[in-house]
Amino acid sequence: MPTITYPLAWLAAISLPLLAAIYFLRHRFRKLPVSSLLLWQMQKESREGGRRFETPKFPPIFFIELLILALLVFAALGPRWQLPHTTRPLIVVLDDSLSMSAGPAGQQPRDEALKLLNEILAERDFASYQLIAAGAGPRLLGDTVPHPNQLKDQISLWTCSAHAADLDAALALARNLRKGDADVLVLTDHAPAESDLPPGRIRWEAVGKPRVNFAFVNAARTPHAAGDRCLFEVANLSASAATNTLRVTAGQQVVYEKRLLLETNRTHRVTLPVPATMGTLRAELGDDALAGDNRAALVRPRRRLVRVQMSVTDTNLAQLITETLAATGLRAPTNQPPELVIHQSDTLPAGREAWGLYFAPVPEKSERFTGPFVMDTTHPLTHGLTLPGIVWGANATATNAPGHLPIITAGNVPLVTTRTDRRAREQVTLHFAPTQSTVQDTPQWPALFWNLLHWRARAQPGLPENNLRLGAEVPYRPRGKTATLTFPDKTEQQLDTPSGEIRLPVKQPGVYTVVSGAQTNRLRESFAVNFLAGAESNLSAAVTDKWGAWGTEEEVRYEYASVLPYLILLALAGALAHLWMIARQRGRT
Amino acid sequence: MKAPLRQSLIDGEQVGLRYALCLPNSPMSGVRGERLGRRAGSSVDFQDYREYQPGDDLRHIDWNAYARSNQLIVKLHREEVQPHLDLILDTSASMNLPDTDKPAALHQLAALLATAAANARCSQALWMTGEGFQRVRNDTQPPGAWGELPMGGARSFEEAHGLLPPRLRRQGMRVIISDLLWPGDPLPTLRKLSEGAASLHVIQLLARTDATAPEPGNVQLQDHETGETLSIYIDASIRQTYRDTLRSLQQSWHNACKQTGAQLTTLIAEDLGQSLSALEEIQLLEPA
């Protein structure tokens, strides 16, 4: 397809129907009286045997004049044709996030983007075509194809269901694919993060529209001793104040219902204490532009308790630990078979699943460390710990044993170390002198034990969390070597688990069920995945605009050649033919 | 009568003064006149002898022959008759085609022939089509005294002849002026018109637009006689077909004339002044 330099020249096209009108008026049937129709008898008979109505016929010269006029009009438009040797590959980055499906069917940004893509593909040719879906990560929708018609199958894979659109990563992938020589088209619903696009031939087309949208931005269910506490957080992510209805149900029972009136970008939190026995809670918002973020589900969380065996000979210390374990609320009432053995023996505890917490012996005269303490803050044991201001008594001569990973140290003196044995059990060593320390009198002490029990609980078979955000990893420790995952649409997938932990393939929100283990020891758990992406649900910033171009004016001139001389030549040839026919007919038209 | 047509009569009369009707060689009949008739009469030209029969004029007995043969022999002389011209005019609507010289040419030609007949001392009668054939008023007078020739009759020549044929004088000259554009076989009509005629001349008077097909283009043809229309796009092939059809029609008239002993000629109304020689060629006119 050619590009048009002067679109206003289309006005000249009015000369074409004018010419036809002139010829029509000139060549309509003129009345001619004749002496008799006797001499036209043959024509009359054939007419009566066939059609009665005959449209006016134009002479050949009319068509030549029409062609000349059309050529001149086309020449006035200033058409430029793309040169074959200047075509580049086209890489289209498609925003695969949920916001591209906002709005009624047929008017969604995805529909607009497809329309625009088709227009661009009709306008000019490219050397090849490649589609990249930009969801939480970039995803190639298929191989590079030489013809745009072959993109249809790939476009059907563009589902617009992701909780985020990492367009930067997709652009980086596009650059890596073609080393920057491709024309990159970004089809999304929002403006680029920065006004300056990344270097390269990038054309950013936003086809979004601001719409009214309420969304769940947070949903959690935490177990407590008396029951569960459920949290739902709803935000108005529209460009203006709006109303919506929040309704929370458990089965047929309506737990909560309220009409919400929220200003733009305001949130509303609902905290519901529910019995631990209550099943899945489902929260729902009324219809708005984006349906995918109007539902959230919270399944009953699994209470993970750890079977702890106490083998501490020091009675004071044993009492301290027992009270601390009770304070965490994570200790199971039974201890057989033990999952955690707290001991003062330098031998490893027995039991295939038994982790160990070893209180290393401390001398009578131990050192009182006041800091500074060095912590591996990424380790599960140090989550939430702050040690400044405490006194930690420990053996000043203690050294880190080979294979042990220091977690907390006072200078070069290890205070807490861990080692993973060959059965993947964790052995924690604690250098701790209670009589020289104040740490057991601070909240850091039960926090340390809570971290230990929680760490151990997470290593139990099953899911560490039962209510998750879409996009978060869902680790799972199955019982046995296989697991069966049931999706929200009730389809099932068998998963092989050669290693101890796998990541469940969760792509859409809903309530899933995962089952593993033998018949006699089956582990069945449900978990909910909710679309909780405030940034993606926010339609107030959706916009229709364009940024960047595929080349400068000079590049475009280089890539597009004018066809004006050819049109003029054709028009001249037509004029000569016109002249010849006029001369041949001696002026009769 | 429209002034131009009256002028055509006067013009035709003036042209006709230069011509005389070319009388046929065959003996004619008619009222007593100045031309020798085919029967015995009272002229000075000897014709034949025959035996006397009672009642014969005794003045015609050839006494010399009686002396030689002793038989009463009567001497017969040729009768003297005045030749007669029946001018049969097609005044149907087709002869009154607008924007052509056809009606003017018809008037001019009729006046010319009437004047030429007078120059040849012929009596004349003018017949025109209408609801049958009718005599033109004052047709025995010079053309300037004729009443108007009413043009535009709805009946064609053939229909008018079928309805009421002209009462033509026997052994007279007959001249038909028509465009001959009517359907059907011309032979029956022509045979009736030639019956008892001393001679029959058929003058096909066409307008130039009749003789040549219209220019190419979209045309709605209207039959001036019946009002019937035909919309058609005329191109080279259609024009050729038209010419072929006209030629075929003329050929059929030519054949019919040949069978009836009539003379046929075609004149173009617009070229009438230059085509009077054709009338001499068919021995209808001769210089006076």
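# A quick tour of chains A and B

Strand β2 of chain A and strand β9 (residues 217–223) of chain B run parallel to each other, paired over five bridges. Keep in mind that this is a predicted model, with an ipTM of 0.80 and a pTM of 0.52. Here's what to look at, starting with the spot where the two chains meet.

**Where A meets B**

- On one side of the contact there are 22 residues of chain A, and they touch 31 residues of chain B.
- Two elements of chain A, β2 (30–34) and α2 (41–49), each bring at least two residues to the side that touches chain B.
- Of the elements of chain A, β2(A) gives the most to that side, with five residues.
- If you sort the residues on chain A's side by type, you get ten nonpolar, four polar and eight charged.
- For a landmark in the pairing between the chains, find Pro33(A), which stands opposite Gln222(B) in β9(B).

**A six-stranded sheet in chain A**

- Chain A has an open sheet of six strands, in the order β6-β5-β4-β7-β8-β32, and the pairing is mixed.
- At the edges you'll find β6 (138–140) and β32 (544–547) of chain A; each has a single partner strand, so one side of each has no neighbour in the sheet.
- Going from one strand to the next, the twist averages 20°.
- The partner of β32(A) is strand β8 (residues 202–207) of chain A, and these two are antiparallel, with four bridges between them.
- Within that pair, Val207(A) has Thr544(A) in β32(A) as its bridge partner.

**Helices on the sheet**

- Leu116(A) sits in helix α4 of chain A.
- Beyond its neighbours within four places in sequence, Leu116(A) is in contact with Leu187(A), Glu205(A) and Val207(A).
- Take Glu205(A) from that list: Leu116(A) and Glu205(A) are 89 residues apart in sequence, yet 8.8 Å apart in space from C-alpha to C-alpha.
- Arg469(A) belongs to strand β25 (residues 467–469) of chain A.
- Arg469(A) counts as partly exposed too, because it has 17 C-beta neighbours inside 10 Å.
- Which residues does Arg469(A) contact, leaving aside its neighbours within four places in sequence? They are Asn530(A) and Leu532(A).
- Arg469(A) and Ala528(A) are 59 residues apart in sequence, with 8.3 Å between their C-alpha atoms.

**Chain B in brief**

- Chain B has eight helices and twelve strands.
- Of the 288 residues in chain B, 42% are buried.
- Among contacts in chain B with a separation of 6 or more, 76% link residues 24 or more positions apart.
- As for confidence, the average pLDDT of chain B is 85, and 90% of its residues score at least 70.

Notes
Residues numbered from 1 in each chain as written. Chains lettered and ligands numbered in written order. Predicted model: local features only at pLDDT ≥ 70, side-chain atom pairs only at ≥ 80, totals over all residues. Pairing = 2+ DSSP bridges. Axes fitted to C-alpha atoms, helices over the stretch in contact; angles between N-to-C directions. Contact = placed C-beta atoms within 7 Å. Nonpolar A, V, L, I, M, F, W, Y, C, P; charged D, E, K, R; others polar. Buried ≥ 20, exposed ≤ 12 C-beta atoms within 10 Å, placed from the backbone. pLDDT = per-residue confidence, 0-100.
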